[in-house]
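Biologist: I am new to reading structures. Can you take me through one, feature by feature?

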Amino acid sequence: MEINTSQILIQLLLALAYAIPTIFFIVISIYYLLKMGSRTDGILILAGNIVILLSIILSRILFIQFAFYEKWQGEMYSYVSSAINVISFMGSLAFAIGVFLLMKKIIKTKTVAE
């Protein structure tokens, strides 16, 4: 199979577009940690988004290897892709727990102030 460079670039640009919100959350969580100090909620949000970003990058590299370079067999691609999805799920879970803790803190502070 001839390698189509334009298709590979399209896949990489799609990955970048998909990763933009994650990068945005990483920047916000770093800013939060710098202003508020090390807090569990900020650390979970940051760690979760870093894991998600790495999963996005790995899944795109894996797809390019499978689809364009034919380096992987279908079964192996399925196993590795599933493992990356599980890791991404754990990152999303860490992010969600961090947001929950942050919201819980904000609601508690607002309730006390009223």
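Biologist: Where does Asn 4 lie?

Modeller: This is a predicted model, so keep that in mind throughout. Asn 4 sits in the segment before H1.

Biologist: Is Asn 4 buried, partly exposed or exposed?

Modeller: Look at relative accessible area. Under 20% is buried, over 50% is exposed, and partly exposed is in between. Asn 4 has 34% relative accessibility, so it counts as partly exposed.

Biologist: Next, Thr 5. Which helix holds Thr 5?

Modeller: Thr 5 is in helix H1. Its relative accessible area is 52%, so Thr 5 is exposed. Now compare sequence and space again. Thr 5 and Phe 68 are 63 residues apart along the chain. Their C-alpha atoms are separated by 9.1 Å.

Biologist: What about Ile 23? Where does Ile 23 lie?

Modeller: Ile 23 also belongs to helix H1. With 36% relative accessibility, Ile 23 counts as partly exposed. Ile 23 and Asn 49 are 26 residues apart along the chain, with 7.7 Å between their C-alpha atoms.

Biologist: Now the helices themselves. At what angle do H1 and H2 pack?

Modeller: Two values describe a helix pair: an angle and an axis distance. Helix H1 covers residues 5-36, and helix H2 covers residues 40-67. They pack at about 170 degrees, and their axes are 8 Å apart. An angle over 145 degrees counts as roughly antiparallel. Therefore H1 is roughly antiparallel to H2.

Biologist: How many nonpolar, polar and charged residues are in the contact of H1 with H2?

Modeller: Sort the contact residues by class. There are 20 nonpolar, 5 polar and 2 charged residues.

Biologist: Take Gly 48. Is Gly 48 buried or exposed?

Modeller: Gly 48 is found in helix H2. Its relative accessible area is 0%, so Gly 48 is buried. Gly 48 and Glu 75 are 27 residues apart along the chain. The separation of their C-alpha atoms is 28 Å.

Biologist: How do I read a salt bridge?

Modeller: Start with charge. Side chains of opposite charge can pair when their charged atoms come close. The cut-off is 4 Å between the side-chain nitrogen and the carboxyl oxygen.

Biologist: How many salt bridges does a search of the whole structure find?

Modeller: The search finds 1 salt bridge. Asp 41 pairs with Lys 105, and their closest N and O atoms are 3.0 Å apart. Asp 41 lies in helix H2 and Lys 105 in helix H3, so the pair ties together parts that are 64 residues apart in sequence.

Biologist: How accessible are Asp 41 and Lys 105?

Modeller: Asp 41 has 4% relative accessibility and counts as buried. Lys 105 has a relative accessible area of 29% and is partly exposed.

Biologist: Last, the surface. Which residues make the nonpolar surface patch?

Modeller: The patch is made by Val 86, Ile 87, Phe 89, Met 90, Leu 93 and Ile 97. Its area is about 570 Å². Take Met 90 as one of them. Met 90 lies in helix H3, residues 74-113. With a relative accessible area of 49%, Met 90 is partly exposed.

Terms used: Residues are numbered from 1 along each chain as its sequence is written. This is a predicted model: local features need pLDDT of at least 70, side-chain atom pairs count only at pLDDT 80 or more; totals for chains, interfaces and linings use all residues. Side-chain values use heavy atoms; hydrogens and water are left out. Axes are lines fitted to C-alpha atoms, for helices over the stretch in contact, and angles run from 0 to 180 degrees between N-to-C directions. Helices (H or I, at least four residues) and strands (E, at least two) are DSSP runs, numbered from the N terminus. Angles under 35 degrees count as roughly parallel, over 145 as roughly antiparallel, 65 to 115 as roughly perpendicular and the rest as oblique. Ala, Val, Leu, Ile, Met, Phe, Trp, Tyr, Cys and Pro count as nonpolar, Asp, Glu, Lys and Arg as charged, and the others, Gly among them, as polar. Patches are made of residues with over 30% relative accessible area and no salt bridge: like charges are joined within 9 Å, nonpolar side chains (Val, Leu, Ile, Met, Phe, Trp, Tyr) within 5 Å. Accessible areas come from the Shrake-Rupley method with a 1.4 Å probe; for residues, only the protein chains shown count as cover. Buried means under 20% relative accessible area, exposed over 50%, partly exposed in between (1.4 Å probe, protein chains only).
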